[in-house]
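Good morning, and thank you for coming. Please look at the sequence and the model as they are shown.

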Amino acid sequence: MRPIRPSDLAAPLPLFGVEASRRIESLAAAPLPPHTLMQRAGLAVARLAMALAPRAGTVWIACGPGNNGGDGFEAAMHLAARGFAPVVTFAGDEARLPQDAAASLRRMRAAGVTLAAAPPAQFDLAIDALLGLGARRAPEGTMADWLYRMRAGPAPLLSVDLPSGLDADSGRLGPDGGAAPRFCLSLLTLKPGLFTAHGRDAAGEVWFDDLGCVPGDVAPDALLAAAPAPAARPHASHKGSFGDVAVIGGAEGMVGAAVLAGTAALHAGAGRVFVAPLAPPAAAPAWDGTQPELMFRSPGALALAHQAVVCGCGGGEAVRALLPRVIDEAGSLVLDADALNALAADAPLRDAVARRAGRGLPTVLTPHPLEAARLAGCSAAEVQANRLRHARDQATALACTVLLKGTGTVIASPGETPRINPTGNARLATAGTGDVLAGMVGAALAAGLPPHEAAAAACWRHGALADGWPPARALTALALARAAQPF
């Protein structure tokens with residue numbers, strides 16, 4: 001058993017959705033005596049509960065009608081044997097319990113633990129064992145009431161396998177609320193939904209116990225991204241060794257967006273960075289006195305075929321006219337912000353993006369959910385309801401890498417297992433941080449990383465900067481850009 005912390009990941013971790021997890025469970029259980037996996041799960045839950053609240057007087061365990069409830073029965077038995085006082089409530093019909101869960105209920109009662117008629121008025125730890133893998137409906141009635149009480153109270157809340165009601169595949173969850181410290185022990189497999197959409201808030205700190213089993217040849221649905229390996233830079237290098245980035249954007253009133261992307265690319269290690277504002281000359285700077293390394297050019301003066309081009313940051317309507325040339329000529333390409341809005345409204349441009357793959361030209365799209373919805377012709381709510389699927393679908397449709405921003409950013413590319421990024425926090429919800437990310441992706445492409453790796457590496461570092469940001473220091477986009485480190 002171990003906590004899943006981004007800084008501790010030495011390599012990407014496989015994530016398995018409902019179907020894959022059930023297959024792994026079936027394969028793992030086949031050679032074992034009956035009820036073995038549930039017994040292992042209950043013991044793991046009890047051990048983590050004791051570690052989280054070693055002095056707990058009352059532990060409330062809310063058990064549901066399926067095997068998640070059986071894990072709770074097993075945990076109660078082990079807690080009672082170690083001197084804790086579990087109060088077990090059950091929302092279900094004993095006669096309809098699955099075989100394993102019914103056996104665990106009998107074991108719990110044989111150990112002297114009985115079912116309580118109602119939850120305790122006060123408790124020092126709550127364990128949510130109501131709904132687990134594959135639950136497709138929102139909790140109702142008694143379950144909903146118990147979840148509200150557990151989530152709203154001050155005591156820590158430990159979810160068994162998944163927070164009840166969370167979709168393991170998508171991270172979708174209905175109304176949650178509450179401020180209880182959250183923990184989740186994912187059992188047998190790690191699930192994608194724990195790390196994207198509502199999952200990160202609902203689960204809190206995720207722990208993992210594989211119950212002594214391995215997934216075998218079952219393919220993961222996604223990977224939890226790990227820190228990119230630091231790249232060594234040979235002594236015999238020059239500014240041309242690390243590529244050129246050209247930023248095209250910054251319509252009138254929004255030049256700062258292009259400068260932010262360029263600043264991020266520069267600090268992320270690009271050898272040379274060109275900024276091509278789209279604002280009229282009278283409204284665009286000729287140079288940046290705070291970052292004189294940035295070279296300002298007109299868009300028409302750029303040698304796009306030899307550059308990693310970041311296009312769209314603050315581009316407004318002015319970027320639309322340039323896109324056909326940019327898409328056709330750019331050596332590698334990051335499309336962000338207003339370039340994505342123009343793409344969504346123009347089918348021939350989307351076709352041109354897809355054709356780049358056939359010419360061996362890398363392309364990365366960096367939409368937020370609303371931009372992704374425009375590209376897909378749906379609502380942002382539909383994108384958020386299954387972020388992993390939408391990122392995969394857009395990557396396939398446009399034959400490129402899609403970096404779908406938001407909590408648990410998804411990186412998808414044709415032929416690659418999607419990655420979910422575990423870094424970042426709400427301090428990134430401020431103007432300009434998306435421009436910084438686009439510039440960092442451009443620098444990673446200029447350094448020679450393949451598009452899937454470039455997007456994942458830039459996203460991980462972008463989020464990690466926010467995670468390590470000093471609490472007393474404001475996180476602004478410019479400060480974030482200047483904190484980037486070379487690829």
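**Salt bridges**

A search of the whole structure finds 13 salt bridges, a salt bridge being a side-chain nitrogen of Lys or Arg within 4 Å of a carboxyl oxygen of Asp or Glu. Before the individual pairs, a word on the source: this is a predicted model, in which local features need pLDDT of at least 70 and side-chain atom pairs count only at pLDDT 80 or more, while totals for chains, interfaces and linings use all residues. Residues are numbered from 1 along each chain as its sequence is written, and side-chain values use heavy atoms, with hydrogens and water left out.

Let me begin with Asp-244, which forms a salt bridge with Arg-272, the closest N and O atoms lying 2.7 Å apart. This pair joins distant parts of the chain: Asp-244 belongs to strand 10 (residues 244–249) and Arg-272 to strand 11 (residues 272–277), 28 residues apart. Helices (H or I, at least four residues) and strands (E, at least two) are DSSP runs, numbered from the N terminus. Is Asp-244 buried or exposed? Asp-244 is buried, with a relative accessible area of 12%, whereas Arg-272, at 31%, counts as partly exposed. Here buried means under 20% relative accessible area, exposed over 50%, and partly exposed in between, with a 1.4 Å probe and protein chains only.

A second pair is Asp-336 and Lys-405, with closest N and O atoms 3.4 Å apart.

Finally, Arg-151, Asp-176 and Arg-182 are linked in a network of salt bridges.

**The sheet**

Which strands form the open sheet, and in what order? There are 11 strands, in the order 2-9-18-17-16-15-14-13-10-11-12, and the pairing is mixed. Two strands pair if DSSP finds at least two bridges between them. At the edges are strand 2 (13–15) and strand 12 (295–296), each pairing on one side only. Within the sheet, strand 13 (residues 308–311) and strand 14 pair in the parallel sense over 4 bridges; Val-309 has Leu-333 of strand 14 as its bridge partner.

**Cysteines**

How many disulfides are there? Taking a disulfide as a pair of cysteine sulfur atoms within 2.5 Å, the count is 0. For Cys-213, the nearest cysteine sulfur is that of Cys-184, 18 Å away. For Cys-459, the nearest is that of Cys-313, at 15 Å. Cys-213 is buried, with a relative accessible area of 10%, and Cys-459 is buried too, at 3%.

**Helix 4**

I close with helix 4 (residues 99–110), whose 12 residues reach 17 Å from first C-alpha to last, close to the 16 Å expected at 1.5 Å a residue; the expected span is 1.5 Å times one less than the number of residues. Its buried residues are Ala-101, Ala-102, Ala-103, Ser-104, Leu-105 and Met-108. The buried residues of helix 4 pack against helix 2 (36–52), helix 3 (67–81) and strand 4 (85–90), where contact means heavy atoms within 4.5 Å. After helix 4 comes Gly-112, with a positive phi near 95°.
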